[in-house]
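Subject: Structure handover

Hello,

Please find the structure below. My notes on it follow.

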Amino acid sequence: MTAALALLGAVGRSVAAGFGAMGRFVAFAALALSHLVRPPFYGRELALQLVQIGWLSLPVVGLTALFTGGALALQIYAGSARFSAEFAVPSITAIGMVRELGPVLGGLMVAARVASSIAAEIGTMKVSEQIDALRTLATDPMKYLVGPRIVAATLAMPVLVAVGDAIGILGGYSVGVNRLGFDGTTYLRNTFDFLEFWDVASGLIKGAVFGFLVALCGCYFGMHSGRGAQGVGEATKTAVVLASILILSANYILTEVFFSA
Amino acid sequence: MIRVHDLHKSFGAKRVLNGVSFEVGRGESLVVIGGSGTGKSVLLKCLLGLESADSGTIEIAGITRPRPHELAAHVGMLFQASALFDSLPVWQNVAFRLMSGPARMGREKARAAALEKLARVGMAPESADLYPAELSGGMQKRVGLARAIAGEPPILVFDEPTAGLDPILAAVINALIREVVTEMDATAVTITHDMRTLRDVADRVAMLHEGRFYWQGTAAEALANEDNPVLAQFIHGRIEGPIPTLR
């Protein structure tokens, strides 16, 4: 009986701690959003972060999309051949890329590159008293560090997704034409005839949401980093893991919202 | 300029500050000494509004219950590890405060002001475009000091300014601090373990022990003291004495 009560207590404490952590994360998100609309605004920091988060993520997002588009075309060809429906390869490859794989894989790659980098940078700034120094210089870290990163990631991710979509389709085209024997013109016509505006737009909206989540996780865990190298390492790891989980769960929710019949 | 009365601060069950009271007048330099973990840094953070005290009152430059952004025009701070911004070159670190806020300067004017402050702490103009990671520890301290005095605040706060420096560089930094404090007629609070800082920088010394100001006097009195066993053990770095060595 005592053991059962102790177990119940431990479970209760864990659940309460989980809700507490969730509450702190949501409160941080609300605080960050409230700072986005109040001056001062740091334009130079925003421009710098657009380069760091957007421009410098292009290679990793582009390569991911290229290989994913190629593999997707191969898989769809193998599956559709069982029903003699190989003509559907271009359109399904394109729809798969722009609706799902472009934003989700792009988001995950950016989570790995950017959430870790933001958490490590801000965590190190916290540990080395740079955050305190900012505050003594009348600069709010929520405005100077968090705001520009969140805005930059939210703006940059749809662009990265759009570029990734194009490269992914190009990967599918390349495999379709060179490996599977499709005629190039027919492949492209089949791609664009079946692709609708909402297919692309939904992926870009997903990208913006994923960008926001990635930067939010990086900033939150950086600002709440523990002491020393271990604290910063833990913050970095947790930021990437939570950002990835949030991207996958948000993707499901958004897909339900956009495409449920 | 600075008035602190009956300041208390605990972290969980650990009582760090237990009724600290003191005043520092205009142009006076107070050096706070005390063992590791006695709450010196916590005291500074409470003064600067970076930590909130559990109880007690703080008044700095006429501001009660100060918050960091309210103090920025009145207080310059040199952090223990300098806390320079890695992503900014040296001159932008120094001019950071000057380039923000409603009365911000343009880049050219701010750069000129930064170069002037860098020269004041003995840094060559060529260092202005370096990044903090390219500087030695001693140079980082100088840049941190230049940043602290950039806005010419009436109050300067130094957190272990000679930590991690060799004796020669420590002496240079101590001399710079003393010169700057005298030139600016600034009110200064310095926390340190370094007896040389105490000798070179202090008008008055206070020892933080068991959460309160245990002893106060001049630097000469502190260094000559043999009557007070706690102070004498700390000043002379003795293993034997009332201060526990396992803290």
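Domain bounds here come from an automatic or database domain assignment. On that basis chain B is divided into domain 1 (1–74 + 153–247) and domain 2 (82–152). This is a predicted model, in which local features need pLDDT of at least 70 and side-chain atom pairs count only at pLDDT 80 or more, while totals for chains, interfaces and linings use all residues. Residues are numbered from 1 along each chain as its sequence is written, and chains are lettered from A and ligands numbered from 1 in the order in which they are written.

The centres of the two domains of chain B, taken over C-alpha atoms, are 25 Å apart. Their contact (C-beta atoms, placed from the backbone, within 7 Å) takes 12 residues from domain 1 of chain B and 10 residues from domain 2 of chain B. On the domain 1 side, helix α6 (residues 167–184) of chain B gives the most, with 5 residues. Helices (H or I, at least four residues) and strands (E, at least two) are DSSP runs, numbered from the N terminus.

Chain B also has an open sheet of 4 strands, in the order β2-β1-β4-β5, with antiparallel pairing; strands pair if DSSP finds at least two bridges between them. At the edges are β2 (14–24) and β5 (63–64) of chain B, each pairing on one side only. Strands β1 (residues 2–11) and β4 (residues 55–60) of chain B are joined by 5 bridges, and H8(B) stands opposite S55(B) in β4(B).

Between the chains, 10 residues of chain A are in contact with 15 residues of chain B.

Regards

Key
Two residues are in contact if their C-beta atoms, placed from the backbone, lie within 7 Å.
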